[in-house]
Amino acid sequence: MLQHLIVLPIVLPLLVGAGLLLSRATSPTLRRTVSLVAQALMVAIAIALVVQAGDGTIRYYALGDWQPPFGIVLVLDRLSATMVLLSSLLGLLACLYATAGIDETGSNFHGLFLLQLMGINGAFLTGDLFNLFVFFEVLLIASYALLLHGGSKARTLSALHYVVLNLMGSAFFLIALGILYGVTGTLNMADMTVIVTTLDPGRAGLMEAGGLLLLVVFGLKAAMLPLYFWLPRAYASASAPVAALFAIMTKVGIYSILRVYSLIFTDNAGALADLGRDWLWWAGLATLVVAMLGVLSARDLRTLVAYLVMVSVGTLLTALGMNTIEADSALLFYLIHSTLVTGGLFLLVDVVAGQRGKAGARIVRSRPLLQAGLLGGLFLIGTAAAAGLPPFSGAIGKALILASATPEQQIWLWPLLLLAGLCSLVACSRAGSSVFWRTSKAEPSGERIGVARGIATGGLISAALMLVIFAGPLANWTKATAEQLSNPAPYLESLLGKDAAPETAPPLKGDVS
Amino acid sequence: MEALYATTTGLLAACGVYLTLRGRTFPVVVGLTLLSYAVNLFLFSMGGLAMHGNPAVVGAGSPAADPLPQALVLTAIVIGFAMTAFVVILAMRARGDLGSDHVNGNRLDDSKEKEDTK
C-alpha cells in the first residue's frame, strides 16, 4: 500500500473533484465537508510523503507498471514532497476560507478547486515532460474557471487576457517538447538527461532552442519580466481563496525551471551546461525592478499584494540564476515563506475590504474597521514578513539569498533586493496607515472575520512566525533538498538502473513488458 | 515533402501569430486555432517524416512509424479542442459583460462614432 502513496495526491483530488462536479444538487454543507475532508487527507498524505522522502532516497511510481524510460513515472524526492505539502496546506486553508460563503457565489467551486490541486500536485510529482504539459493544462483549465468564479466585469476581462496568454504558452510548450523529442527521442526527464550528455554537437543548437523555449513557457507561468503582464490584473480580480491558491501557481513555474534545468542542463550537458542561467539572473533582477515600481504605484490592496507576489518571483528567479547549492537552498526557504504569506495576505485583504463598505480594497479614506486591531495586527505581520523585515520569515529567506551571492553578483543583487524590500515597506506602511488609521466618522459595518476565515487567514499569516521558530530544521531540510538537486546521479540511478547508460527509446520496445 | 510540410506549418503559425495579435476577440480566437493546427502538425513531424512506413503494430514489420508523436498529437488535439470551446464562450461572455469585443474591453470605436455624429 505504501508504494501507492505517491500517486494519491493526484488520484484523491481527481476522484473527489469529479464526484463533486457530478453532485451539484447536494447541500452546500455536504460539499464543503467532503472537500475539506479530502484536502485534510491530502495534507496527511503529503506529510507522509515528506517523511518518506526525508531518508534521501528517490522513489518513483511507474503508472500502469510501465517501467521508465518508456512509461510515465511519478518521482518523489525531497523537492517534490516539499512542494506537494506546500500546495496541500495552502489549498486546505484557502478552501476553509471559501467555505465561509465565497464558494456559493458561483457553481462547482469545490470540484474545480480540487482539480486545480490535482494539476498542481501532478506537475510537482511527474518525471515526464509531456506529462508535465498535461498537468499544466489540468491546472490551467481549472484555474480559468476558478478565476471567473463569482463573475464580474473585471474578472471577465482579466480572464480573457489570462486564457489567451496561457493558450499561447501551451502552444510554445508543445513546440518546445516537439523539438526536445525530435533531438533526444525521449520525453522522460531522466532519460533525456542521459542522452544530452552524449548529444551530437551538431544537434546541440536545436536542443538549446528547445530548452530556451521551455524557459519562455515556464517564465510565463512564473511571471518573468516581459511575460508578467497578466499577473497583477488576474490576481487582483480573482476571488480571495482563488487568489490565495494562485500564489502557488507562479511557484509551479519556478519549480519547473528548477527541476528541468537542474536535471537536464547540468555541468554534464557539455555545450548545454547551465543553459539559460544568465537569462534567469538578468530577467529576475529586471522583474524585481518592475515589481518594485508596481508595489509603489498600487492604489488598491489587492494589486499591492499581487505586486508583492511579483517581488517574490523576481527574487526567486534571481536566486535561480545564481545556480549554487546555497542559492537553491535559500530560494526554497524563500519560496515556502512567500507562498504562504502572500496567500494569507490575499485572504486578509478580502476580509478588510468586506468591512470597508464602498471603499472596498482601494487605499482611500473610509469608515473604521470593525476589528481594526486584529486585522491591523495581521496586516502588520504579513506585510512586514513579505517586505523582509526581521523578526519575520522573509528576513531569513532574504538573508540566505543575499549571503549566497558571489562578490560579483552582490554588486547587483544586494542593492536591488534591499531596495525592493524598502519599496515594499514604504508601500505597505502607506497602505496600512491609510486603511487602518485614516478613517472617517462613519459607523463600522460589514462582516466580522468569523472562525473559518479567521483560522484560514491567521493560519497562513502565522507562517511568518512559524517559519522563524522552525527556521533551523527547515533550513537544514532545504539545504538537503538543494544538495539532492545538485547531484542528478542518484535520480538517474533510481529511475534507469545502475548502469544508466545512454540508450535511445525505439518505438514499441515498451510492449515487451 | 519536407519542404511542403515545413512551409505549411510555418505559414499556419505565421497567420496564427498575426491574428492572435489583433485587437478583437474573434480574430484572436481564430489565430489561436490556427496556431494550434500549426503546433499539431509540428508535433506530428517530430518523430521524423517517413513515407510508406508500417503502422506501429507488433509483427507489422519495419520500418515502423514512430507512434509516440501520434499519441501526443492526439492528446494535444483533445486539449486544444476543449480550450478553443472555452475561449469562444469566454469571448462571447466578454462581449456581453464588457459591451465590446475588444480584448481590452474598451469601446474606442463607439465613442469615436458618437463624436463624429456630434
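Author: A helix here is a DSSP run (H or I) of at least four residues, and helices are numbered from the N terminus. With that in hand, chain B reads α-α-α-α from its N terminus on. Keep in mind that this is a predicted model.

Reader: What makes up chain B, in helices and strands?

Author: Chain B has 4 helices and 0 strands. Of its 118 residues, 30% are buried. As for its contacts between residues at least 6 apart in sequence, 46% join residues at least 24 apart.

Reader: Why is H2(B) called roughly antiparallel to H3(B)?

Author: Start with the angle: helix H2 (residues 25–45) of chain B and helix H3 (residues 67–98) of chain B pack at about 175°, and their axes are 10 Å apart. The cut-off for roughly antiparallel is over 145 degrees. The angle clears that cut-off, so H2(B) counts as roughly antiparallel to H3(B).

Reader: Which residues make that contact, and of what class are they?

Author: On H2(B), they include B:Val29, B:Leu32, B:Ser36 and B:Phe44. On H3(B), B:Leu72, B:Ile77, B:Gly80 and B:Val88 are among them. By class, the contact has 14 nonpolar, 6 polar and no charged residues.

Reader: What does UniProt list as "transmembrane region" in chain B?

Author: An unreviewed entry there gives residues 6–21, 28–51 and 71–92. In the model, residues 6–21 of chain B are 94% helix and 0% strand, with end C-alpha atoms 23 Å apart. Residues 28–51 of chain B are 75% helix and 0% strand, and their end C-alpha atoms lie 35 Å apart.

Reader: What makes helix H16 of chain A largely enclosed by the rest of the structure?

Author: Here the test is a neighbour count: a residue is buried if 20 or more other C-beta atoms lie within 10 Å of its own. In H16 (residues 393–403) of chain A, 8 of the 11 residues are buried, so this helix is largely enclosed. A:Gly394, A:Ile396, A:Lys398 and A:Leu400 are among those buried. They and the other buried residues of H16(A) pack against several helices of chain A, including H13 (301–322), H14 (325–354) and H17 (407–436).

Reader: Which residues are buried in helix H18 of chain A?

Author: In H18 (residues 451–461) of chain A, they are A:Arg453, A:Ala456, A:Thr457, A:Gly459, A:Leu460 and A:Ile461. Their cover includes helix H3 (78–98), H14, H15 and H19 of chain A.

Reader: How many residues does each chain bring to the contact between chain A and chain B?

Author: Chain A brings 22 residues and chain B brings 29. On the chain A side, H6(A) gives the most, with 15 residues. By class, that side has 16 nonpolar, 3 polar and 3 charged residues.

Definitions and conventions. Residues numbered from 1 in each chain as written. Chains lettered and ligands numbered in written order. Predicted model: local features only at pLDDT ≥ 70, side-chain atom pairs only at ≥ 80, totals over all residues. Helix = DSSP H or I, 4+ residues; strand = E, 2+ residues; numbered from the N terminus. Buried ≥ 20, exposed ≤ 12 C-beta atoms within 10 Å, placed from the backbone. Contact = placed C-beta atoms within 7 Å. Nonpolar A, V, L, I, M, F, W, Y, C, P; charged D, E, K, R; others polar. UniProt positions renumbered as here; feature names shortened; annotations may be inferred. Axes fitted to C-alpha atoms, helices over the stretch in contact; angles between N-to-C directions. Parallel < 35°, antiparallel > 145°, perpendicular 65-115°, else oblique.
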